[in-house]
Amino acid sequence: MDDEQIRSILSPYDLDDDTLEYALSMLSDDPNDSDVRESVQALIEGSIDDDEHPDVDIDELCTRLWTCLDGDDTTTLQQEEEEHTTRLLSTARSMKQDAVDSEIAGFGLHTAEHGSEN
């Protein structure tokens with residue numbers, strides 16, 4: 001989670017520092033928890049002054065926040081997929097090497113058997 005990105009999304013709405021810090025701390029505990037997101041959305045909605053920001057769409061604002069948070073999850077997911085692919089390739093390479101080693105050993109036994117028959 002990038003606190004600076006979240007701060008930049010919320011900064012135009014004049015949230016006080018305590019409210020912003022509280023929202024960030026809630027999101028840092030479990031940013032994907034739907035209850036946490038609902039609480040943060042309610043906190044933001046209650047903290048934005050309607051007189052100063054009459055056109056703010058809280059749902060749209062929070063969607064931007066969730067997209068920012070989910071962007072980090074996407075990066076993590078991509079890293080996990082890359083690690084999984086690397087493990088699969090490593091396993092496949094190991095299995096191929098084992099097969100080659102078995103073939104070589106098999107040829108060696110076969111050759112030795114023929115050599116002893118002569």
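Q: How many of the contacts between residues at least 6 apart in sequence join residues at least 24 apart?
A: In this predicted model, 57% of the contacts between residues at least 6 apart in sequence join residues at least 24 apart.

Q: And what is the secondary structure made of?
A: The protein has four helices and zero strands. Following the sequence, you read the pattern α-α-α-α.

Q: What percentage of the residues count as buried?
A: Of the 118 residues, 23% count as buried.

Q: Okay, what about the largest nonpolar core? Which residues have the most contacts inside it?
A: That core has 22 residues, and those with the most contacts inside it are I6, L10, V40, I44, I48 and L61.

Q: Which elements give two or more residues to it?
A: Those are α1, α2, α3 and α4. Helix α4 gives the most, with seven residues.

Q: Let me pick L61 from that core. What does L61 touch?
A: Leaving out residues up to four places away in sequence, L61 touches I9, L10, Y13, I44, I48 and V56. Two of those, L10 and I44, are also on the list of residues with the most contacts inside the core.

Q: New topic: helix α3. What span should its residues cover?
A: Helix α3 has 14 residues, 34-47, and at 1.5 Å a residue they should span 20 Å.

Q: Which residues of α3 are buried?
A: In α3, the buried ones are V36, R37, V40, Q41 and I44. They sit on the same side of the helix, because they cover an arc of only 135° around the axis.

Q: Why would residues a few places apart point the same way?
A: An α-helix has 3.6 residues a turn, so residues three or four places apart point the same way.

Q: And what is exposed on the other side of α3?
A: There you find D35, E38 and G46, which are exposed.

Q: What caps the N-terminal end of that helix?
A: D33 does: one of its side-chain oxygens lies 2.7 Å from the backbone nitrogen of D35.

Q: What do the side chains of R37 and D70 form?
A: Those side chains meet in a salt bridge, with 2.8 Å from N to O. The pair links distant parts of the chain: R37 is in helix α3 and D70 in helix α4 (residues 58-117), 33 residues apart. D70 is partly exposed, with a relative accessible area of 31%.

Q: What lets side chains like that pair up?
A: Side chains of opposite charge can pair when their charged atoms come close.

Q: How many salt bridges does the structure hold?
A: There are three.

Q: Which residues are linked in a network of salt bridges?
A: E4, R7 and E21 are linked that way.

Q: Nice. Start with R7 and E4: where are they?
A: Both lie in helix α1 (residues 3-10), three residues apart, which is about one turn of the helix. R7 counts as partly exposed at 25% relative accessibility, whereas E4 is exposed, with a relative accessible area of 54%.

Q: And how far apart are the closest N and O atoms of E21 and R7?
A: In that salt bridge they are 2.5 Å apart. This pair links distant parts of the chain, with E21 in helix α2 and R7 in helix α1, 14 residues apart. E21 is partly exposed, with a relative accessible area of 40%.

Q: One last stop: T19. Buried or exposed?
A: T19 counts as buried, at 13% relative accessibility. T19 lies in helix α2 (residues 17-29).

Q: Which residues does T19 touch?
A: T19 touches L43 and S47, not counting residues up to four places away in sequence.

How values were computed: Residues numbered from 1 in each chain as written. Predicted model: local features only at pLDDT ≥ 70, side-chain atom pairs only at ≥ 80, totals over all residues. Heavy atoms only, no water. Expected span 1.5 Å × (residues − 1). Buried < 20%, exposed > 50% of the residue type's maximum accessible area, 1.4 Å probe, protein only. Arc of directions from axis to C-beta. Polar contact = N/O pair within 3.5 Å; in protein donor to acceptor, adjacent residues only side chain to side chain. Contact = heavy atoms within 4.5 Å. Salt bridge = Lys/Arg side-chain N within 4 Å of Asp/Glu carboxyl O. Core = buried A, V, L, I, M, F, W, Y, C linked by side-chain atoms within 4.5 Å.
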